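Visitor: I would like to learn how to read a structure. Please take me through one, feature by feature.

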Amino acid sequence: MKRFTTVLSVLSGLFLLYIGLLYLLDPQASAAGFGLPSWPEHEGTGFLTVKGGRDISICLGVFALLLTGHRKALGWVLLGLAFAPLTDMLTVLGNHGSAATAYGVHGLAAAMVVLNAVLLLRERPTPPVA
């Protein structure tokens, strides 16, 4: 199970890095996949790069905790970070955006993050080898 949670954590981090880079490099084109009916244009696209920076920051935090072996802390952090895709889902739904994207992208992402967090928090420490 430890290997599964490690792979899930790495994939989550890589996915966040990918999405973050998309929003930083081409915010207007990336925005269409978020699920909202409209996006800021011209000077307002700066708000889209904020999302990209947020996603990359989360990615770096996940990798830092994973690489330093702080698996229990990573579980708690992921549990808290599940709030981000959850609020993304509620934002899309609350602004008459695509329900399919709200549930299929943001809702599923929130569920996967919570699953990963719970699995990490349930891990038992590996006994030392003598």
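Guide: What follows is a walk from the overall fold to single residues. This is a predicted model, in which local features need pLDDT of at least 70, side-chain atom pairs count only at pLDDT 80 or more, and totals for chains, interfaces and linings use all residues. Residues are numbered from 1 along each chain as its sequence is written, and side-chain values use heavy atoms, with hydrogens and water left out.

Visitor: How many helices and strands does the protein have?

Guide: Six helices and zero strands. Helices (H or I, at least four residues) and strands (E, at least two) are DSSP runs, numbered from the N terminus. Along the sequence the pattern reads α-α-α-α-α-α. The C-alpha atoms fill a box of roughly 60 × 25 × 20 Å, taken along the principal axes.

Visitor: What share of the 130 residues is buried?

Guide: Buried residues make up 38% of them. Buried means under 20% relative accessible area, exposed over 50%, and partly exposed in between (1.4 Å probe, protein chains only). Now take contacts, meaning heavy atoms within 4.5 Å. Of the contacts with a separation of 6 or more, 69% join residues 24 or more positions apart.

Visitor: Which residues of helix α4 are buried?

Guide: Start with the general idea. An α-helix has 3.6 residues a turn, so residues three or four places apart point the same way. In α4 (residues 71-81), the buried residues are Arg71, Leu74, Gly75 and Leu78. They lie on the same side of α4, because they cover an arc of only 105° around the axis. That arc is taken from the directions from the helix axis to the C-beta atoms.

Visitor: What covers those buried residues of α4?

Guide: The cover includes α1 (2-25), α3 (46-67) and α6 (99-122).

Visitor: Which residues have the most contacts inside the largest nonpolar core?

Guide: In soluble globular proteins, nonpolar side chains tend to be buried together. A nonpolar core is a set of buried Ala, Val, Leu, Ile, Met, Phe, Trp, Tyr and Cys residues joined through side-chain atoms within 4.5 Å. The largest one here has 13 residues, and Val62, Leu74 and Leu78 have the most contacts inside it. α3, α4 and α6 each give two or more residues to this core. The largest share, six residues, comes from α3. Leaving out residues up to four places away in sequence, Val62 touches Ser9, Leu74, Leu78 and Leu81. A second, separate core has nine residues, including Ala31, Phe34, Leu48 and Ala102.

Visitor: How much space lies in the largest pocket?

Guide: Rolling a probe the size of a water molecule over the atoms shows where empty space is left. On a 1 Å grid over the protein atoms alone, a pocket is an open set of points where a 1.4 Å probe fits, with protein on both sides within 12 Å along at least five of seven lines; lining residues have an atom within 4 Å of a point. The largest pocket holds about 540 Å³. Grid points are joined across faces, edges and corners, and a volume is the space filled by probe spheres set on the points.

Visitor: What lines the largest pocket?

Guide: There are 26 lining residues, and Phe15, Leu16, Ile19, Pro85 and Ala109 lie nearest its centre. α1 supplies the largest share, eight residues. By class, the lining has 18 nonpolar, four polar and four charged residues. Here Ala, Val, Leu, Ile, Met, Phe, Trp, Tyr, Cys and Pro count as nonpolar, Asp, Glu, Lys and Arg as charged, and the others, Gly among them, as polar.

Visitor: Where is Val92 found, and is it buried or exposed?

Guide: Val92 is in helix α5. Val92 is buried, at 0% relative accessible area. Val92 and Leu36 are 56 residues apart in sequence, yet 5.3 Å apart C-alpha to C-alpha. Beyond four places in sequence, Val92 touches Phe34, Gly35, Leu36, Gly97, Ser98, Ala102 and His106.

Visitor: What is the phi of His96?

Guide: Most residues other than glycine have a negative phi, and most peptide bonds are trans. His96 has a positive phi of about 60°, although it is not a glycine. His96 sits in the loop between α5 and α6. At 71% relative accessibility, His96 is exposed.
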